[in-house]
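Here are some friendly notes to read alongside the model. Please keep the structure open as you go through the points.

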Amino acid sequence: MLTPSEFVESYSLIGEKKTKVKTSNLLILGILAGFFIGLGG
């Protein structure tokens, strides 16, 4: 189990990784996310 400070640290590292993803990959992931949400609806 993580302490609250470790939890926040791990989430900030994940967020930092997400800022370095290419724009084209984000667009594709966004389209796929919308597709799966629509499929579930």
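1. A word on terms to begin with: a residue is called buried under 20% relative accessible area, exposed over 50%, and partly exposed in between, using a 1.4 Å probe and protein chains only. This is a predicted model, in which local features need pLDDT of at least 70 and side-chain atom pairs count only at pLDDT 80 or more, while totals for chains, interfaces and linings use all residues. Residues are numbered from 1 along each chain as its sequence is written, and side-chain values use heavy atoms, with hydrogens and water left out.

2. Overall layout. The protein chain has two helices and zero strands; both kinds of element are DSSP runs numbered from the N terminus, with helices (H or I) of at least four residues and strands (E) of at least two. The C-alpha trace spans about 35 × 25 × 10 Å along its principal axes. Of the 41 residues, 0% count as buried. The chain exposes about 4,000 Å², and carbon and sulfur atoms supply 72% of that area; accessible areas come from the Shrake-Rupley method with a 1.4 Å probe, and for residues only the protein chains shown count as cover.

3. Helix H2. Isoleucine 28 has its place in this helix, which covers residues 23-40. The expected span of a helix is 1.5 Å times one less than its number of residues. For the 18 residues of H2 that gives 26 Å, and the end C-alpha atoms are 26 Å apart, so the two agree. The number of buried residues in H2 is zero, so the helix lies largely in the open.

4. The nonpolar patch. Which residues form a nonpolar patch on the surface? They are Val21, Leu26, Ile28, Leu29, Leu32, Phe35, Phe36 and Leu39, with about 790 Å² of accessible area together. Patches are made of residues with over 30% relative accessible area and no salt bridge; like charges are joined within 9 Å and nonpolar side chains (Val, Leu, Ile, Met, Phe, Trp, Tyr) within 5 Å. Isoleucine 28 counts as partly exposed because its relative accessibility is 49%.

5. Aromatic pairs. The structure holds two of them. The ring centres of phenylalanine 7 and tyrosine 11 are 4.7 Å apart and their planes lie at 35°, so this pair is tilted. Rings of Phe, Tyr and Trp (its six-membered ring) pair if their centres lie within 6.5 Å; planes under 30 degrees apart count as stacked, over 60 as edge-to-face and the rest as tilted. Both residues lie in helix H1 (residues 4-18), four residues apart, about one turn of the helix. Phenylalanine 7 is partly exposed at 43%, and tyrosine 11 is exposed at 53%. Phenylalanine 35 and phenylalanine 36 form an edge-to-face pair, 5.4 Å centre to centre with 65° between the planes. Phenylalanine 35 is partly exposed at 48%, whereas phenylalanine 36 is exposed at 52%.

6. The salt bridge. A salt bridge here is a side-chain nitrogen of Lys or Arg within 4 Å of a carboxyl oxygen of Asp or Glu, and by this rule the count comes to one. Glutamate 16 pairs with lysine 20, with the closest N and O atoms 3.6 Å apart. Glutamate 16 is partly exposed at 43% relative accessible area, and lysine 20 is exposed at 64%.
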